Amino acid sequence: VGARAAPRTLFDSTPLARMLPQTLNFHRIEQMLDERLLFALAVTALSYSSGRHVTFYQASEPITAWRRAQRTARMVALTPRHLLASAAIPYLFPAVRLELDGRHEYFGDGSIRQIAPLSPAIHFGAQRIVVLGAAAPTPEVPPARPDIEAYPTLAQIGQQVLASVFLDSLGADIERVEHVNRMVLQLPHTVAPESGWRHVDVLAIAPSERIELIAARHLGQLPRSVRMLLGAMGGNRASGAAFASYLLFERDFTSELIELGYRDTLAQRDVLLTWLKAPADGLIDDLALRRS
């Protein structure tokens, strides 16, 4: 009797792999590019094979692929597998096999080692960037809690590690862009274009409610095996709910997040309209926010 193969990851991404082609028409990307409704679309992923952070992109016209330390870009025809790879959280979902430079490598979540998440949009020539984040770009230090001096649970440690991977780099990159913007203002106008530096407006929209508090209300919907795992790690407590939020893919939780995003965007409607109506090569005249 052959030995049973050990599982490679905690969750199976097969349902997501089936859903993506059914709900997203990737053939429309080329159509929208041809009609100039879309200038470029990028999906990032990390190669577990080579350690390179790769931005796969489609564009309406050739864009010089950039190379930085452990970061590079490739122009490809985007497929559901690129999206699946970009969302493959390590240890939770299996890596995805993609072709790169004539050979196949295994890719995982694009947030890993992504030190400059705004970089692709800037390389594409964006003058304005709207950032929809999962946390405030510059979060305040939370107030002291009664258990602040208690030894942290595995879930508390895990949520800090995951936050450093998925959240911190975005806030740091926004600060970096704002710093460059201030420096550009000090450059003579005759020098700025030749310097390779330019001003880029960034508007960040962050959740008005803490995600871990929302997650705590939905922990009971998780499968029993996952609840047992979280219980052993302390993830079933309020202090570890942020870690549990990375495992919550239940309908009620995701629906509440979507509703929160809708409300937060509507709350910024006037700011968005004013911001986007400002002159920008005449490309944007208005913005209509509708519930899909």
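Tutor: In strand S1 (residues 40–47), 6 of the 8 residues are buried, so S1 is largely enclosed by the rest of the structure. Please bear in mind that this is a predicted model.

Student: Which strands form the sheet, and in what order?

Tutor: The open sheet is formed by 6 strands, in the order S3-S4-S2-S1-S6-S5, and the pairing is mixed.

Student: Which strands stand at the edges?

Tutor: Those are strand S3 (67–68) and strand S5 (96–100). Each has a single partner strand, so one side of each is left without a neighbour in the sheet.

Student: Back to S1, then. How many bridges does S1 make with S2, and in which sense, parallel or antiparallel?

Tutor: S1 and S2 pair over 7 bridges in the antiparallel sense. Within that pairing, Leu-41 has Gln-58 of S2 as its bridge partner.

Student: What lies between S1 and S2 in the chain?

Tutor: The two strands form a hairpin, with 5 residues between them. In the turn, Gly-51 has a positive phi of about 80 degrees.

Student: And how many bridges join S1 to S6?

Tutor: S1 and S6 run antiparallel and are joined by 2 bridges. Ser-47 stands opposite Phe-107 in S6.

Student: Let me turn to the aromatic residues. How many aromatic pairs are found in the whole structure?

Tutor: The search finds 5 aromatic pairs. In one of them, the rings of Phe-56 and Phe-107 have their centres 5.5 Å apart and their planes at 70 degrees, so the pair is edge-to-face. This pair links distant parts of the chain: Phe-56 belongs to strand S2 (residues 53–59) and Phe-107 to strand S6 (residues 103–108), 51 residues apart.

Student: Are Phe-56 and Phe-107 buried or exposed?

Tutor: Phe-56 is buried, at a relative accessible area of 1%, and Phe-107 is buried as well, at 0%.

Student: Which residues form an aromatic cluster?

Tutor: One aromatic cluster is made up of Phe-11, Phe-93 and Phe-249.

Student: What about open spaces? What is the volume of the second largest pocket?

Tutor: The second largest pocket has a volume of about 450 Å³. It is lined by 16 residues, and Ser-119, Ile-122, Arg-176, Val-177 and Val-180 lie nearest its centre. Two or more lining residues come from each of H4 and helix H6 (168–185).

Student: Which element gives the most to that lining?

Tutor: H6 does, with 4 residues. The lining of the second largest pocket divides into 8 nonpolar, 3 polar and 5 charged residues.

Student: Now the loops. Where is His-218, and what is it in contact with?

Tutor: His-218 is in the loop between helix H8 (211–216) and helix H9 (224–233). Neighbours within four places in sequence aside, His-218 is in contact with Leu-248, Asp-252, Phe-253 and Glu-256.

Student: Is His-218 buried or exposed?

Tutor: His-218 counts as buried because its relative accessibility is 8%, and the cut-off for buried is under 20%.

Student: Finally, what is the phi of Arg-36 and of Asp-101?

Tutor: Phi of Arg-36 is near 60 degrees, a positive value in a residue other than glycine. Arg-36 is placed in the loop between helix H2 (27–34) and S1, and counts as exposed at 56% relative accessibility. Asp-101 also has a positive phi, near 55 degrees. Asp-101 lies in the loop between S5 and S6 and is exposed, with a relative accessible area of 51%.

Terms used
Residues numbered from 1 in each chain as written. Predicted model: local features only at pLDDT ≥ 70, side-chain atom pairs only at ≥ 80, totals over all residues. Heavy atoms only, no water. Buried < 20%, exposed > 50% of the residue type's maximum accessible area, 1.4 Å probe, protein only. Contact = heavy atoms within 4.5 Å. Phe/Tyr/Trp six-rings, centres within 6.5 Å; stacked < 30°, edge-to-face > 60°. Pairing = 2+ DSSP bridges. 1 Å grid on protein atoms, 1.4 Å probe; cavity = no way out; pocket = protein on both sides within 12 Å on 5 of 7 lines; lining within 4 Å. Points joined across faces, edges and corners; volume = space filled by probe spheres on them. Nonpolar A, V, L, I, M, F, W, Y, C, P; charged D, E, K, R; others polar.
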